[in-house]
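Please open the structure in your viewer and keep the selection panel at hand. The stops below can be followed in order.

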Amino acid sequence: NFEENLINYTAYSNGDLEKKCNLQYEDETIISFDFSKYDLNNSYFGGVTFEKCVFSNVYLSGSNFGGSFLKDCILENNDNRKSIWDDIMIDNSKISEMDAFKSSFMYGKFHNIQFVRCNFEFNNFDGSEFMNVSFIDCNVNCVDFSKCKFSNVIFSGCKLENVKFDENNKPKYYGRFNQGVVTLNLVDIAF
């Protein structure tokens, strides 16, 4: 039973269950499920389709959602540290207040998404596709967007530091853009 496995895994993750257990699902479809009361850290959902699911306050660190598809989902207030979400497709979803640190999202497809007040640090989106995506009031630090395709993508009110974009394919940007340290020669400024 799926829900019973989630209950046991959350109890194990919280130290309330001594019997070791893991949470692994592959090539499943999960529709209209609320994950908000469960812990998904170090879980594996390979090639799983999530439709109309809610992930509010879910601990996702160390998770592997590689090859999965999230459609019409809500992700809010999530820790997503050192996770592997490569080859993921996320469509028509809102992601807010996610803290993603050293996570990989390589070769993903992100369509019709709002990232709101998210923190992305040391993440890799290399080779991903972004279509109709807004980054709003996000902190984006040391993130690789190399070889990404951008179509109707904006960064609004975001703080960008040490971010890699391909020269030929940059998104629109409104807000602070800090590419690192800039050295000015005071003699040149005086003239």
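## Salt bridges

Begin by selecting K159 and E161, which form a salt bridge whose closest N and O atoms are 3.0 Å apart; a salt bridge here is a side-chain nitrogen of Lys or Arg within 4 Å of a carboxyl oxygen of Asp or Glu. K159 is partly exposed at 31% relative accessibility, where buried means under 20% relative accessible area, exposed over 50% and partly exposed in between (1.4 Å probe, protein chains only). This is a predicted model, in which local features need pLDDT of at least 70 and side-chain atom pairs count only at pLDDT 80 or more, whereas totals for chains, interfaces and linings use all residues. Residues are numbered from 1 along each chain as its sequence is written, and side-chain values use heavy atoms, with hydrogens and water left out.

The whole structure holds 4 salt bridges. Select K71 and D91 next, a salt bridge with its closest N and O atoms 3.4 Å apart. This pair links distant parts of the chain, 20 residues apart, with K71 in strand 6 (residues 69–71) and D91 in strand 9 (residues 89–96); helices (H or I, at least four residues) and strands (E, at least two) are DSSP runs, numbered from the N terminus. K71 is partly exposed, with a relative accessible area of 27%, while D91 is buried at 13%.

Now move to R81 and D99, whose side chains meet in a salt bridge at 3.0 Å, N to O. Because R81 lies in strand 8 (residues 79–81) and D99 in strand 10 (residues 99–101), the pair ties together parts that are 18 residues apart in sequence. R81 counts as partly exposed at 32% relative accessibility, and D99 is buried, with a relative accessible area of 17%.

## A buried asparagine

Select N123, in the loop between strand 12 (119–121) and strand 13 (129–136). N123 is buried, with a relative accessible area of 3%, and a polar atom of its side chain lies 3.0 Å from the backbone nitrogen of E121. Leaving aside residues up to four places away in sequence, N123 touches A100, F101, K102, S103, F105, C142, V143 and D144, contact meaning heavy atoms within 4.5 Å.

## Helix 1

Finish with helix 1. The buried residues of helix 1 are L6, Y9 and T10. Viewed down the axis of helix 1, these buried residues fall within an arc of 100 degrees (taken from the directions from the helix axis to the C-beta atoms), so they line one face of the helix. After helix 1 comes G15, whose phi is positive, near 80 degrees.

Technical notes:
Polar contact = N/O pair within 3.5 Å; in protein donor to acceptor, adjacent residues only side chain to side chain.
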